[in-house]
Structures are given as C-alpha cells and as structure tokens.
Amino acid sequence: MLPNKSLATLGNTAFFALLVSVMVPPNMPYQVFMFAITTLVLGLALGWALACAGMAAALAARDQTLLKETLQRTAQSAAGLANPDALFQSAIFNGDFLDTRSTVVFGVFLGFGCFIFALIRAYAPKLTIMSVFGTIAIDIFCSFGPLFPFSQYTLLNSLLTAVACYIAIALVFITLLFPESLNHSYLSSAVELLDKFKGILAMQEEVLSSDPHDVSPGTPLANKTNMARVTMIQQLQQLMGQKQFLNLEFSWGRWNGDDVKDMLEPMQVVATRLGALNGFARVMSHSLAVADHQTEDTASVSDAGTTGTAVDDTILLRQFRERNLAAEAEYRVRLVDVLPSVRESTADLRAAGVAVLGSLRDLIVAVNTNRYTRGHALQDARLAELDKALVTLRAALEEFKINKRLIILQPYQAVLQQAESGALNKFPLRGLYISYVFAANLIAVSNGIISLAEEVNETAMKRQRARLWAPKGLRAIWKLLRSRQGAGEDAVGEDPEPEEVVESEEKREYKLDPDSRPPKNVLQRFANTLHAMYKWGKTPEALFTVRYVVITIALWIPSVVKSSAHFAYAERSVWALIMAQTTMNIYASDQVYNYAMRLGGTFVGAVLGMLCWYIGAGHGNGNPYGLAAIVAAFLLPLVFLRNFAPPQYLVGILMVGATFVLVVGYSWIDGNLPHLFQNVGIGWSVAWRRWVLVMIGSAASFILMMLPPKSGRKAVRLRNASVLSGISYLYSHLTSLWLSADGPFDRAADGKDGDVPHKWPANLRAKFLALANQLQDLRMRTVMSKWEGSIRGAWPVEDYNKLLEAESDMLSSLVLLGGALANLDPDLRKATLPYTHVLNPHFISDVVSMFFLISQSLRTGEPLHQAQYKNLADRLHYHGGYAVIGSTADALARKTRLRQSLTSYEYMFYATAVVAVLQMAHALNDARTIVADLCGEVPLEGFERWREEYDRTHALA
C-alpha cells in the first residue's frame, strides 16, 4: 500500500489487505487457515455474484428513454470542457442516472442476499466470516451500482485485489516461514490436555489431605478443582472441534490423521472419569454440609419449639441424621476420620497413574517434535519408559484390588465386629460409602489411563518411520459446514446450541401434537408445512433475519435517492450500513454487549489511528518510510492482543484494529492516490467520520432491537428448563439400564479376567458430552444476559448461577452413576435390585416428577406449590423403610448379606452408584428451592404445621 505503483494497482480500497490481516491473521495451522480464508473468499464471491445478477436484472428493467435523455443532457453539459470525464463522474455520484425501476431491482437483490447471509449467521456460526464478508461485498456493490447507467461488474475489483494480495502474502508466510500442520498443532493440544490430566490426578493428594471444610463451595481449593475441570473440558472441546480437518492436509511425520484421531475416544473416557474423580471434593463438602446443617437444624428447631421445620427437613430426616451422626462420632468413623485411610490406600495407585500420564506426554512430544529426525532412538526410549510405567500402574491397580483397598475398612473394624455380634442396629456407613466413591472412581480412571496408554503404545510401535501423508476424507468438510447450533425454542431455550440437543431425540420419539394427528394426504401435508413455516416465523432466528433485512434496506435508501446520493457517497454512509448489520444480534443482551465492545474499540482505534498518522506524517501527507516505521510500532501490540486476547474481548480488539487500519489507510490513500473523487480527508477528518457513522449504525440497530426486544434472559430461563429435561432423560436412561436384566453394561468388553470395565453405549457418552457443552454455553449466556440492565427490576443472576451449579452437580453425579454401573458386577447388581432404596419405584417416580415440575415451572414461568415435596431424601427414607415394612426375617437376611458384601471389591461400585443417586437428589432439592425463589411458590395455609404434627406422630421409634 505504501509504494506508489502498488497503491495505484490496489486502488482506493488498498487498506483492505491490512484490514483482512487483522480480522483473519495467519496464526493458525495451514489447513485451518485455508478453511477460514476459503470461507472468506466464498462469501465475497457469493455476495459479488448476487450483486452482479442484480445489476444485470436492473439494467434490463431500466427506463431506456429516460436514460437516453439523461445521457444527452450530461453530454451537452460536458461539451467544450477540458475534462469531460470529471463532469460525467460527478453526474454519476450526484445520482443523475438513478432510475426507480432499476433501484427497486437492486433493492430486491440486496434484501435477498442479506436474508441469505443472515440465515447463515444465525444457523451456521462456523461460517460467520463468510456471512460478514459476503454482506460487505453486496452492500458496497448495491450501494454504488444503481448510480451507474451502464454495467459495472468490476466495482469490487479493488477490494478483491487487496484481499488476493493478502492471501498470497499470508500463504507464503504460513507455508515457508512459519509452517505448522494441523497434525502438529493437534498433538501439541493433546500434550496440553495430558498435562491437565496429570494436574487433576495429582491434585487429589491435596484434596485428601485437606480438612473437609477446606473444600466447601467458594473456598480456594474448591475453586481450584472447579477451574481445573473447566479448563480440561475446554481443551477437550478444542480437540473435538479440530478433528474433522486432520485428514484434509499433507503432513510429514510418523502418525497420520487417523492415528491421532484414534487417541480422542480414550482421551474422552479419561476426561470424563477424571471429571467424576475431581468431583469428590463436592461429595466431601456435601457430606460436611449435611452434618453442619443438622447441627443448625437442631438448634433452630429447639428454639422454635414445635411451630415448624428447619429448611424443609422433616422430623423423620432429623431423627435419622441425629442417630447416624451420633453413631459416627461414637465409633470414630466420621469423614475426617476415614480420609487418612483413603489417602494411604490410594497413594501408590495415584502416583502410578501420574507417572503413566507423564510418560505418555513425553512420548507424544517426542513423536511430534522429531518429525524430520532420522531413526527412532528417542521414540524407543520413551516407549520403554511408558512400558515400565504401565507395568507399575497395572501392578499398583492389582495390589489395590486385592490388598490396599482393605485399608479403607480399618476404621470400621469396630463397627463390623458389633454388627457380627448383633449388637448394632444401624450401620454408620456414610464415610465408608464416600470413601468407596473415591476408590471406585480412581479404579475407573486407572483403567482409562491404561486403555489410552495401550492405544498410544500400539500406534507408536506401528509407526516407526516418518513419511508424507496425503489428505483424504473430503466429506468431513461438508459435514462440518452442515453442523449447526440448533434453532428456535425446540433447541435449548431460544438460543442456538452448538451441538446436538440431548432432549430432541426423546421429543421426536415421544412428543405428540395435542391439536392434530400426523398429516395423511397432500392437503394436510401442505397445511402442515405452512404451519411449520408460521412457527419458524416466531423464532428468534426468524426475527433476527427480518430485522437484518429491514435495517439493510433502511440504511441503503439514502445511497440511492437523488437528493442524498452525493452526500451518502461523500460521507461513506456504507460504513453505517455495515456497522448496523454487524451489531445486530439475536438477543438484546448480546447486542448491548456488542455496542460496548464495538463503540469502545472504535474510539480507542480512532485515537490510536490519529496518533499514529500525525506522528508519522505530521501536517503533511506523510512519506512511506516514516509511516512504515510508526505503523509497525503500533501494529505490534495490536497483533499481540488480536492473537492472545480472551474470547470475550475479541470483538473489541477487532474493532480497535479495524478502526486503526481505516484511519491510517484512508489517510494515506487520500493523500497519495491521485484522481480520487470526493476524498474523505486525512487524520482527524477520517476519524470523526468513522465515529459518527459507527454511532449512526449502532443507533439504527438499537431501534430495530427494540421492535420488539428479544430477551436473552428468557433464553437463559428456557435453556435451564431444557437442560433439566435433558438431565431427567439421562437419569431415566441410566435407571433403565440399572433395572434391565440384560442391558449394555452386562456385555463385557474384551479384557483379561474380566477386569477391563464394560464400555458405555456410544449414544450415552454422546448425551453426556452434549449436555456438558450446553452447560458451558449456558454459563456464557448467563454472563451475557447481565448486559440487558435492570429496567424492569434487578435480574436474579445469583439464583441462575446457583441453578447452574446445581445442574452441574446433577450431571457430575450421573457421570459417576454411569461409571459405577459400567463397572458393577452384573450378578451383584441383579441381586441387590430388590433391596436398593434408590431403585424403589415410588422414589423413581418422585424424582422424575420433581424434574418435570421444576422444568415446567421454568419453561412457563408458573409458580410451584408449597404442598409439593421439597426434600427427596425424606421420600427416599419413607419409601425405603417406612412406607412398607417387610418381615423381621427379611430384614435380618438383608443385614447379613450387607455385612458379607461390604468388604468385597464389587461392592465399591454398588456403593458409588447409590451415592451418585443421593448426590443427584440433593442437587435436585437445591434446584427446586432455587426455582421456587425464581418463579414463586403458592402457599397452603396450615400445611407446614400439619406436616410437622403428622411427622411427630409417625417418628422413628
């Protein structure tokens, strides 16, 4: 852009090359960059094609008689002038050749093109770059095209030439100077994920060594464990998002794309199980909260007399807890008493797991960083280290199964002796069950690490020599482009969802239309299609698309009206049009946040642009050497921020860079490119125009946003309702597998002596991952919704954050349940079905009903009812032991079987499954309380007092 020859070649939009470099920098693997730049080019090409078609149709519709008269009048005015071309150019941009019919045709094509690009933006976020640049192309063409009386299909030549120059330069740099294949980048990300695995597994030493009070919600250790889980999930999502491109490139190395992708499934397994293991801190805090809550409840009840209960606890629950806590204190089997035994028994197994993960990391680093090294001595050495660590892990796992797990039982020797003599009526086993949760999870994690290590070991043994790998599987691109975030209220809330919605499968299978049955003839099918289109017209995506088209036409009209055409061109009103389109969002909260980021970024960019220009050019038009030096100094921090800024601030950083480029670029072009018509000026003149036009575009989009506003807060509420529905489907599915006589968990996987855990059904893991992604997106949506302000009143964001935590706890508990069922011995599972209280059919009904009630309350905004049960633990004890009392012989037989199985290896997984359901029920109780605070609760006079009296008369004997 600085040399005169290249500036003359690039034309009046030469700055676009630098602008694209800010928006799509070549800081990514070659294949990913090619995908991004290809979508950009496709967007420009599609916008250009639609605009050219519009110009051809407009020229055909133009009034030829009026055109001839205008041309003759202009030719007569130019007769005898020294530069008639200047007069003709002035007539064009003054709007002398505008024609109503031609302009209307341009408007139709502009509206249609923007409709298409708005749909792409709403339903295919991966193609946002394509949508943005396609919109820019059709905006520019259709804003200036109607001014010309003849065909000008090359209006975008300058812009396309600048983009082509950037692409060529970027490809040279990314290919020759800083090459990186996606294979290399993917393995580097896998190494980072393995580091996170190591960190979480090593962190359990700190958890087990801490006091249970130190892992309560909000404490530093609890925040540390939560952050470790979140960063692990984010890293895993990044790997899953890039896997489609692995076979679409030429790469040199030992492993091909399929080899790298083969690691993903075992890494997903390890990540899922480590997430459950990392949730042990929550189990500890919940157990402590129950004990502390019981103390508070006892005090509050004693103070209040018999007038009410404490925090929805019934007499039954309080008596049960009092007796259990007293027995734990008497036999010294509180959680704080048994944690040292858990730490001691699992120390070797945890250390061996960390060592294997470290050896895996070293092996992958060796494979990834020695692609061009002849021989494989380093890889062989790393393989030997991995084999040694793997042998140690297998031995530690076997030792734990046979001997060291018994250390956990040492604090319970007195309890077991009393039970054997028949002197103990109730077993204080809460601490033992919680200890078994950690042990069972650690076993599952160890088995997952072994499977991952075996997969990597096999691949490394098979791929000893480096070679060139050719691309394959081009269908993956189409599959990736078709992936969408969901749509409308049928997805999660009203907001698009990046992955498959968990509940949609059940909806499709079981949901019926209460107003009509499925269509059977042509007329009914046609009417049903119209009904579907009508329903789509009420979705947020449809409203966004309509707004997008309306604001485009509204801001385009001044450019094609004769009285304002020259003013619109001279002041570059197309900037306002583009800004209005880019600030449009589906939800009001997103749009307000967008305003804050874009306006702030525009202001900072304008200031930096003026500062850079006046330092480099002073009061003149500048020189290429001084301007190159100062621009390089300013670009360094801008490019750094563009590459490493947190995602939530990326829009603002992009606006800083774009405005900086526009101010400096336009100033240089207007001062050094001759024969420009209607310059916008240099320095301050460019900056204030840019700022004013950005404000105009933002104001226009704000007006459209309010007609009517689409609340992101409602989307948060509806999405929470759908997440709860999805969790309820998972609970139902897992309960069904637990109850089934011959389910997927009964079919053993390949392994020695049956020690390898059974595999989860593939669709079950997919549902867990989809729900985890939904929760992650819901956190972002909740944060964004705060930007809507508090016009009608304060938004209870704290309650929604608490609801998110409860939903995360429920999902973690279900992951724990799935892992326990996958490892549970089928014979033990079937034998314990009749005596497992959490599988009592009445309790299952209560849980499902609770899910339905709070989900529907969130979905409709209707209040809950006070008489509805609030504590599932009370229902569990009622159904489990007090609603139906069996014979004394049956009770003794159950106790005998319990004492015999407590010390068995298989019982750990059974105990873990029971604790998982209890944890989920506790989180569901919390969710019910939160939803009652959000949506309200209908009181029933006298109900609490009557329940208290009734429970006292039916209290434990």
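These legends walk through several close-up views of a predicted model. Since the model is predicted, local features need pLDDT of at least 70 and side-chain atom pairs count only at pLDDT 80 or more, while totals for chains, interfaces and linings use all residues. Residues are numbered from 1 along each chain as its sequence is written, and side-chain values use heavy atoms, with hydrogens and water left out.

**View 1. Asp259 and Arg463 meet in a salt bridge.** A salt bridge here is a side-chain nitrogen of Lys or Arg within 4 Å of a carboxyl oxygen of Asp or Glu, and the structure holds 15 of them. For this pair, the N to O distance is 2.7 Å. Asp259 sits in helix α11 (residues 257–262) and Arg463 in the loop between α18 (430–462) and β2 (467–469), so the bridge ties together parts that are 204 residues apart in sequence. Helices (H or I, at least four residues) and strands (E, at least two) are DSSP runs, numbered from the N terminus. Asp259 is buried at 3% relative accessible area, whereas Arg463 is partly exposed at 21%.

**View 2. Asp590 pairs up with Arg781 in a salt bridge.** The closest N and O atoms are 2.6 Å apart. Asp590 belongs to helix α25 (residues 588–617) and Arg781 to helix α30 (residues 762–785), so this contact links parts that are 191 residues apart in sequence. Buried or exposed, then, for Asp590 and Arg781? Both Asp590 and Arg781 are buried.

**View 3. Arg779 and Glu805 belong to a network of salt bridges.** The side chains of Arg779 and Glu805 meet with an N to O distance of 3.1 Å. Arg779 is in helix α30 and Glu805 in helix α31 (residues 797–823), so the pair ties together parts that are 26 residues apart in sequence. Arg779 is partly exposed at 23% relative accessibility, and Glu805 is partly exposed too, at 30%. Arg282 and Asp809 are also linked into the network.

**View 4. Helices α15 and α16 cross at roughly 160°.** The axes of α15 (residues 335–369) and α16 (residues 377–402) come within 8 Å. Axes are lines fitted to C-alpha atoms, for helices over the stretch in contact, and angles run from 0 to 180 degrees between N-to-C directions. The angle makes α15 roughly antiparallel to α16. On this scale, angles under 35 degrees are roughly parallel, over 145 roughly antiparallel, 65 to 115 roughly perpendicular and the rest oblique. The contact of α15 with α16 has 17 nonpolar, six polar and four charged residues. Ala, Val, Leu, Ile, Met, Phe, Trp, Tyr, Cys and Pro count as nonpolar, Asp, Glu, Lys and Arg as charged, and the others, Gly among them, as polar. The crossing of α15 and α16 is left-handed, i.e. the near helix is turned anticlockwise from the far one by less than a right angle (clockwise would be right-handed).

**View 5. Helix α29 passes α31 in a left-handed crossing.** The axes of α29 (residues 712–739) and α31 come within 10 Å and cross at roughly 20°. That makes α29 roughly parallel to α31.

**View 6. Cys114 is in no disulfide.** Zero disulfides turn up in a search of the whole structure, where a disulfide is a pair of cysteine sulfur atoms within 2.5 Å. How far from Cys114 is the nearest cysteine sulfur? The sulfur in question is that of Cys142, 7.9 Å away. Cys114 is buried, with a relative accessible area of 0%. Cys612 is buried as well, at 0%.

**View 7. Ile669 and Gly11 are 658 residues apart in sequence.** In space, their C-alpha atoms are 8.4 Å apart. Ile669 is found in helix α27 (residues 650–672) and counts as buried at 0% relative accessibility.

**View 8. Leu693 and Ala580 are 113 residues apart along the chain.** Their C-alpha atoms are separated by 9.5 Å. Leu693 is part of helix α28 (residues 684–705) and is buried, at 8% relative accessible area.

**View 9. Arg572 has a positive phi.** The value is near 60°, in a residue other than glycine. Arg572 is in the loop between α23 (562–570) and α24 (574–583), and it is buried at 12% relative accessible area.

Notes:
Buried means under 20% relative accessible area, exposed over 50%, partly exposed in between (1.4 Å probe, protein chains only).
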